[in-house]
Amino acid sequence: MSLYEALCQIVGEDSISRDELDLLCYSHDLAPLPQELLKSFGMLNPEVVVRPRSTEEVSRVVEYANRENLPITPWGAATWSLGGVLPIEGGIVLDLSGLNEIYEFSPGNEYVRVGAGLVWKRLMDFLGTRGFEVGVHPTSAPSATVGGFIATGGGSGVGVTQYGSLGDQLLSLKVVLADGRIIDTDPWDSWFFVGSEGTLGIICEVVLKIYPKGEMKHLMYGFDALDHGVGFLQFLNGIRPHFYSFLDEEFIRFLNQKEKDLPGKELTVAVTLSGTPEEIAVYEKKIDEACQGEKYLEPLAVEEWEERFKIVLSLKSLGPTFFSQEIRIPIRFLGKVLVELKELLKNERYLIEGVGGDFGSIHILPLIMTDERKKSEFFRTFSLASSIAEIGYKYHGSIYGIGLYNTSHLPRIHGHSLNVMRDIKHAFDPKRILNPSKTTQMRIPAFLFNAVPRMMGSAPGLVSTFLKAVNLLPGRLIRAGLRLMGGKLR
Amino acid sequence: MREHLVEDAYTCASCGFCRFGCPVYREIGFEGASARGRMYLLKRVFEGKLGYTERVVDSFYMCAQCQNCKQLCPTGIDFGEDVAILKEMFVREGKLPSYLFPLRDNVIEKGNPFGKDAEERGEWLPGKYQTPEPSEYLYFAGCSASYASTRIAKSIVKILDQIEFDFTVLGKEESCCGSPLERMGEITKAGELMEKNMEKFKELGVETVIVSCAGCLKTFTHSYPKDFKVLHVTQLFDQLMREGRLEFQKELDKKVVYFDGCDIGRHCGIYEEPRNILRSIPGVKLIEYEYSREDALCCGGPLASSQPDLAHKIASSRVREAKELGAEIIATACPTCMVNLKEGAKLIQIEMEIQDIPMLLPKFLKKG
Ligand SMILES: Cc1cc2nc3c(=O)[nH]c(=O)nc-3n(C[C@H](O)[C@H](O)[C@H](O)COP(=O)(O)OP(=O)(O)OC[C@H]3O[C@@H](n4cnc5c(N)ncnc54)[C@H](O)[C@@H]3O)c2cc1C
Ligand code: SF4
Ligand code: SF4
């Protein structure tokens, strides 16, 4: 029986696709990485895409894959940009968007039980009309799935500064393990799967804490002096509002190119408070007192809030390509990190956004504008990812997320505990079928990965030519080469 | 044109926001059926890695051009518009999918998508309206109401006649407004039909064209020269109600949900008038879809002539949603939506009354 037939028996014909166009569409994610680069990673194409409708179906698909030793790549909505959903070892793409039901809504006990493929916006709309809300959501809520946000860590997003990360909101998960077993977790062992990036199990069902809908108030402030703005953000971090974020001067300049008319301050800070009207009033007063900059009128703040999903991407056409590397740093170093980032990027077209994170951290997202069609320009920009990460490490921070593209940073991030991480992976998934070559395995030998960005920075044209040449080689040869040099391929 | 497509393909952020309200993606479930998926295919085409093969062309013809995705796209891409540009190009290059040939030939040769004779077009008209006469107002019945859903047209003529509203109808001399041709990319041929209709309007000195089909409404407002005013019948009725010329008396003690069709809603911005009419019928409890007005989900109607199975499946989801809301009647303002939703209900065997607004009205009309 062929793979297709076997899977048809499990999920039915309507839930499986091997259409050539679908397979193409499932071989990319948000990152604008040129196909040449992916091919030089030895990327294979998926054989089928399966879109199961229940946890049982997921379990049977995974059990089958395990038996046949086939790689499985979980796919939420592919809004993460680190290559996590790329089916780099071929095999099966498991599109989880079919697990999109709201099974249970319990206002009395304040939880919902939902399918992991449910889109955040759908859940938020559903709860909103019933007087409830989620504690935390990503700003990709119009498309990202509940399971995808769990798998990528859920440590940065709206609500995190008030309620803690998404991991704190999980009451239970139903997870399919690599051999097809279905387990239910309690709030504590749910943490195994938070940030596991699809490598330890397939999250299928989620019991999530919810909250009665509170009042909200949106505030916005502008600062001419960087240190006043930074001090203000550090103050905000201490009082834990619902959400706070900042945009740098460049960001505002680009927004103003796009039909906005915002004051061109060094730092622009947006804050959202949530609670009873009395609580909000007390907090607003405190915040106003701490502000050494200018407070903007409320409609501006409300507008910024309402556009929170769209605002960054609305600038996309100015690129047309964005390249970014998100870093998470302790907020006490914010000022120094911003100064170094600005120095690093001074010859680029860039903008910086920051969002309050969990554990007193702040996530910094420098977006560099480039054009993926101009290969050498793009590679030069790409090479900056490592330098941005270095700034993060220097100030006791780290990059946020590993996926495929950041695997070369593994030793740097985990140090000696990397082996422990690999042992955990081995215990969960001895055959390495779940999202292989991601998160704990370095696909590209480290020395190569460290040399290439450096080359990209100084001689992008050469890299471009080199990749073109590599792309002329058959995929099998590329993979054999990587393996010879010490790359961990399946 | 091509530049615009290239720009969109590279501006697309692959964020997938467009998937949320896409009727086709929701039904099929695989990435290739979403605007994001197709934007990616376009990019591959511009990189020279993919050609406009039959499969690729087909995939663009699967878009209902409902514009829900335009609402959600943070980068401002109007994917439905991109599809229109592509279809026009496909037609120019002789790549129109063959399953659309019969529809195209019918419209071009017979002036309607059903392949019926022009003679039959005005058959349902009461004697008084059989021959078109000069008038300020013209009711343009459109193909669906002229042939398939004649009850809509009959109801409208009956109501207007009863309140002594002065108007005329083209009847046999009416031709398709051009919408089906325009939708498939046959722009030149659509233009020929438009000229034919325009001539008639001029002959009769028409200043306002009243339409009952949302597809006609969109075509008249977007593609015809702006030489005359266009009113959807729900707009006219709403106006007449406000002037006190139209009133409803009999009770309709039912839960009614209004279905925002894309052509009348997102494309023409008419949301309130149909609701006003429904609300004015005594007893009606008007309820709303979870996603309505600008956010309304398409019924798949535009695909009904090319991919009926898909269109009916999409429609059945809209019917199911209405049922879950507790609706007893789905009221539409477009015959295409009405017919397609009925097919959808049939497909999943749900009992549901689905009526175009004009059809609901005559029996509630307050006499004299
Ligand atoms: C405009 C925009 C705003 C964003 N804002 C935020 C933000 O505020 N905070 C933030 O953290 N990120 C943000 N992101 C990044 C991204 O959207 C989030 O990480 C998101 O939660 C990913 O969800 P997804 O469903 O798209 O997952 P995908 O991208 O599909 O998958 C991500 C990873 O998780 C795995 N995975 C997905 N679903 C499952 C599952 N059910 N079980 C096991 N593994 C799974 C995949 O294999 C992959 O490795 C943003 C992105 C965009 C485009
Ligand atoms: S126009 Fe409608 S059918 Fe076409 S891609 Fe957008 S949402 Fe889907
Ligand atoms: S919403 Fe717009 S930018 Fe995002 S994937 Fe769809 S078309 Fe592209």
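In the predicted model, Glu93(B) is partly exposed, with a relative accessible area of 43%. The side chain of Glu93(B) meets that of Lys95(B) in a salt bridge with an N to O distance of 3.4 Å, and Lys95(B) likewise counts as partly exposed, at 31% relative accessibility. A buried pair is found elsewhere in chain B, where Arg36(B) forms a salt bridge with Glu31(B) and the closest N and O atoms are 2.6 Å apart; the relative accessible area of Arg36(B) is 2%, and that of Glu31(B) is 0%.

In chain A, Glu250(A) forms a salt bridge with Arg253(A), the closest N and O atoms lying 2.7 Å apart. Because these two residues are 3 positions apart in helix H9 (residues 249-257) of chain A, about one helical turn separates them. Arg253(A) is partly exposed, at 44% relative accessibility. Lys217(A), Glu284(A), Asp288(A), Lys295(A) and Glu298(A) are linked in a network of salt bridges, and over all chains the structure holds 50 such bridges.

The largest nonpolar core comprises 123 residues, of which Tyr52(B), Tyr139(B), Phe201(B), Phe220(B) and Ile330(B) touch the most other members. Helix H6 (residues 79-92) of chain B makes the greatest contribution to this core, with 7 residues. Another core, of 43 residues, lies apart from it and includes Met124(A), Val134(A), Phe149(A) and Val206(A).

Technical notes. Residues are numbered from 1 along each chain as its sequence is written. Chains are lettered from A and ligands numbered from 1 in the order in which they are written. This is a predicted model: local features need pLDDT of at least 70, side-chain atom pairs count only at pLDDT 80 or more; totals for chains, interfaces and linings use all residues. Side-chain values use heavy atoms; hydrogens and water are left out. A nonpolar core is a set of buried Ala, Val, Leu, Ile, Met, Phe, Trp, Tyr and Cys residues joined through side-chain atoms within 4.5 Å. Buried means under 20% relative accessible area, exposed over 50%, partly exposed in between (1.4 Å probe, protein chains only). Helices (H or I, at least four residues) and strands (E, at least two) are DSSP runs, numbered from the N terminus. A salt bridge is a side-chain nitrogen of Lys or Arg within 4 Å of a carboxyl oxygen of Asp or Glu.
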